[in-house]
Structure formats: structure tokens, C-alpha cells
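User: I have a new model to look at with you. Could you walk me through its pocket and its charged pairs?

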Amino acid sequence: MIRYGKKYKSYPYTIPVHHKALQHTRIKELQVRMMRWSAWVEDYKPTRNGIGSIVLHKNKWQHRFTFTLRCQRRAGKLNKQELEMLNRLWKVYDYKRLS
């Protein structure tokens with residue numbers, strides 16, 4: 001299937017995108033990514049801090065994870081700021097940054 005605008009195309013069918021299901025799945029992936037990231041930081045205790053910090057700040061992490069849970073409940077009805085924040089979190093908790 002190929003994504004084409006707001007629809008998926010797979011010859012001979014065109015299927016509309018179910019935004020709620022898509023957002024719900026992506027938020028679940030983000031939550032798994034965040035948990036994997038925090039587990040790695042807990043195990044290896046990196047010392048780098050500052051810009052590009054990978055030191056775990058428990059309050060920030062907890063607040064961000066709670067934010068993803070709230071967004072998951074409202075999937076399909078998220079506003080622009082929430083989507084931008086989720087995109088930013090997706091980049092922050094990139095597992096490739098750790099290695």
C-alpha cells in the first residue's frame with residue numbers, strides 16, 4: 001500500500017486513512033521508544049549533559065509520558081500544538097542518539 005494524500009492506494013482500491021487508529025498506533029510506538037530509552041539510561045548511566053543531553057530527568061520524563069497517555073486517549077482529535085509536541089518527543093527519544 002502506498003500513502004497518497006489522505007488515502008492509501010493499493011491497486012485497484014483506495015482506502016481512506018483512519019486518523020484515530022494511525023495516531024493511536026504512533027503514540028504507542030512513542031511510548032515503547034520512551035521506555036526503551038529510559039531503561040538504557042538507567043542501565044548505562046551516561047554522564048553527558050547539556051545540549052543533546054541524554055541524562056534522565058525523572059520529572060521531565062514522567063511529565064512527557066503522562067502527556068502521551070493523555071494524547072492516546074484523545075487520538076484523532078489532537079490539536080496542532082499536541083501533534084508538534086509528539087513530533088518533538090519522537091525526535092528526542094530516538095534510540096540512535098544513545099549509541
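**Pocket, helices and salt bridges**

User: What is the volume of the largest pocket?

Analyst: This is a predicted model, with local features taken at pLDDT of at least 70, side-chain atom pairs only at pLDDT 80 or more, and totals for chains, interfaces and linings from all residues. Numbering starts from 1 along each chain, and side-chain values use heavy atoms, without hydrogens or water. A pocket is an open set of points on a 1 Å grid where a 1.4 Å probe fits, with protein on both sides within 12 Å along at least five of seven lines. Filling the largest one with probe spheres gives about 310 Å³.

User: Which helix gives the most to its lining?

Analyst: The lining (atoms within 4 Å of a point) has 12 residues, with Gln23, Arg26, Leu83, Leu86 and Asn87 nearest the pocket centre. By class, 7 are nonpolar, 3 polar and 2 charged. Both H1 and H3 (DSSP runs of H or I, at least four residues) supply at least two. The top contributor, with 6 residues, is H1.

User: Which residues of H3 does H1 meet?

Analyst: From H1, the partners are Gln23, Arg26, Ile27, Glu29, Leu30, Arg33 and Trp37. With heavy atoms within 4.5 Å as the rule, they touch Leu83, Leu86, Leu89, Trp90 and Val92.

User: Which residue forms a salt bridge with Glu29?

Analyst: The model has 3 salt bridges, counting a Lys or Arg side-chain nitrogen within 4 Å of an Asp or Glu carboxyl oxygen. Because they are 3 residues apart in helix H1, Glu29 and Arg26 are separated by about one helical turn. With closest N and O atoms 3.3 Å apart, the partner of Glu29 is Arg26.

Definitions and conventions. Ala, Val, Leu, Ile, Met, Phe, Trp, Tyr, Cys and Pro count as nonpolar, Asp, Glu, Lys and Arg as charged, and the others, Gly among them, as polar.
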